[in-house]
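This briefing sets out selected features of the structure shown below, grouped by topic.

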Amino acid sequence: MAGLIGAGGGVVLLLAATLGVKSWVGSAKDRLEHPAETKAKVAIADQAEVAYCTPRFKEVLERVLHSCGLAQDETRRGCKPADVKTFASISDADFNELFTPLKDRGAVILFDEGMQDLDEGAKKLLEDKWFQRKGARYFFVVARASKSGNQAKNRALSHRRANSVMFDLTSVANDPEIDKKVGLLWLGNEFAQLSKDYCSWPTSRPNEKCDEEAINRSAFVSWVDCRL
Amino acid sequence: MSVVGCLLGLLFASYSTMDYAEHLDRGLHDIHCSFIPGKAPTSEAEACRAAMYSPYSALFRESMWGGVPISLFALGAFAFLGGFALYLWLARERAPKVAVGFFAGVGITPLLVSLLMLTISVSKLGHLCKTCVGIYISSFLLAVGAVSGLFTLKGGVRPALSVLFVVLWLMALGGTTLVPAAVYAASVPDQSPYLSKCGTLKQPKMTAGAPVKIRGSRAIQPVMFFEDPLCPTCRAFHERLLDEGVFERLDVDLLLFPLDSECNWMLESPIHPGACIVSKAVLCGGDRTRAVLEWAYDEQVYLTRAGKAGANVLRAAIKQKWGDELLKCVDDRKTDVQLNQHLHFASDNSIPVSTPQMFLGTKRVCDEDTDMGLRFALKNLAPEVLQ
């Protein structure tokens, strides 16, 4: 009798264990073949996106990117004042206002009157800003010229300033894809001139007198932490 | 005592098997990891998870995804021994000597296996899984009960039984031990179709910067890893690759992906504080890169504590181990840029924000195929690394 009970007990335990195994594997198989629709979302690696990336800001940047040669496989580079006016479809004040949140992220590179050469302070500041990339994808250079001189001359001068910045970046960055990262805009003296208030922004000549003329002999540079 | 030992053993082996089987759906689940039977599964079960993912937890892991967990053999054995213990308990003095002797002999085998697994846990895994310890204790109770039965044989007359019964019982024990494993093996789903469904690299080559190269001593298979030196899962993965004998067959392109918001903009707060600094130390390793990485894994608990204490504490730890030159490199802006390039490579490829990640060629190996299914996945995707 004891033998029968023992054997019966063993069989019951084995049966229970085996049915358990069958059931656990069966439910896992069922879940595998019919996964639940609401799966936890996994974060995906992407460029940075910070608070100032408002829809309006991104819209303007995106237009600039596509129109100024950063879109894939385009040979044309840079945007002249007329382009910016057209593509940005935005007033001077609103254009400058968009860049206000970049005050600490970016810097203003200052030039001598009528010149496009970067001094040592400018090179150092530019290099510092370039290597503080973090999660940004695009680096913007917005070059300007002051009111002195005629429109054509200033347009050309701001273009040369933008190119100066680009040449310097190319030499320090050692990045074969730099063309796809840097957006060049030159505004001459005809669009989005800076007011004297911008003298309080970080500049390459912090110890020099700054006025509305000086602040527009410049190139504003900054990484932009927006997904575009 | 043996009956109690067998029932406890069955219970703990059932939890272990249940946890294993649950993961056959390729999801990540909480697991049972307690000395108290019936306690709910938990996500805080690193030791049990490490044991479950280890190469010692299952057999035939190349031919079957996850293999056949050894807890299944425990289930069958405890069921047989439980029945036999029940018989001896009921029969008491009427039990034949040969039955008592047989039970004493086979009753210690779970304990012997437990001692072997305990040695492996301590020497290879470095920690003890509570559910496994539950099985060890159950085996001990069973063995004590079985052997103590021998002391009841003195004096008294017991019915005689042919020794042939021993052969029959051994065959029954063998059969019952195999039944749950056979049922499991016959029911597991085929995971092959799922192996290549976890995406590919969009941009396999870095356009700026370069990955860290670590070449195994018998490297044959190019592979790309995204790792965080302060991530416990990465450490466990690295140890698994070493234990499996796979790492030496790999030609590794290592991308540092520290889960630390100090340098990684994809996080709002640091998951592993200090991981950016330790990652830079790995980048600065030069011809000692692998040594620096393995040091970071070995000293992960200490480095994590140092990371929480502050950057300077961590920098001091790096300087103490690797010297001033390496620390200078860690503080160099070029190293920041290099780490940033690794993170941008991750972002350009839209990989999940998690570590570790493994790519064979451009193909991403699913997370679940880097732990339980590692050998099966490698057998299917890169069989040469297992040779």
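This is a predicted model: local features need pLDDT of at least 70, side-chain atom pairs count only at pLDDT 80 or more; totals for chains, interfaces and linings use all residues.

**Overall build of chain B**
- Chain B contains 14 helices and seven strands, and its C-alpha trace spans about 90 × 45 × 35 Å along the principal axes.
- Of the 387 residues in chain B, 55% are buried.
- Among contacts in chain B with a separation of 6 or more, 75% are made by residues 24 or more positions apart.

**Charge**
- Chain B carries 35 positive and 35 negative side chains, and the centres of the two sets lie 6 Å apart.
- B:Glu239, B:Asp243, B:Asp298 and B:Glu299 form a negative surface patch.

**Backbone features**
- The peptide bond between B:Thr355 and B:Pro356 is cis, with omega about -5 degrees; B:Pro356 sits in the loop between helix H13 (333–348) and strand E6 (357–360) of chain B.
- A:Ala192, although not a glycine, has a positive phi of about 50 degrees. A:Ala192 lies in the loop between strand E3 (182–186) and helix H7 (212–216) of chain A, and counts as buried because its relative accessibility is 0%.
- B:Phe60, also a residue other than glycine, has a positive phi near 55 degrees. B:Phe60 is in the loop between strand E1 (58–59) and strand E2 (68–69) of chain B, and is exposed, with a relative accessible area of 53%.

How values were computed:
Residues are numbered from 1 along each chain as its sequence is written. Chains are lettered from A and ligands numbered from 1 in the order in which they are written. Side-chain values use heavy atoms; hydrogens and water are left out. Helices (H or I, at least four residues) and strands (E, at least two) are DSSP runs, numbered from the N terminus. Buried means under 20% relative accessible area, exposed over 50%, partly exposed in between (1.4 Å probe, protein chains only). Contact means heavy atoms within 4.5 Å. Lys and Arg count as positive and Asp and Glu as negative; His and the chain ends are not counted. The place of a charge is taken as NZ of Lys, CZ of Arg, CG of Asp or CD of Glu. Patches are made of residues with over 30% relative accessible area and no salt bridge: like charges are joined within 9 Å, nonpolar side chains (Val, Leu, Ile, Met, Phe, Trp, Tyr) within 5 Å. Accessible areas come from the Shrake-Rupley method with a 1.4 Å probe; for residues, only the protein chains shown count as cover. A salt bridge is a side-chain nitrogen of Lys or Arg within 4 Å of a carboxyl oxygen of Asp or Glu.
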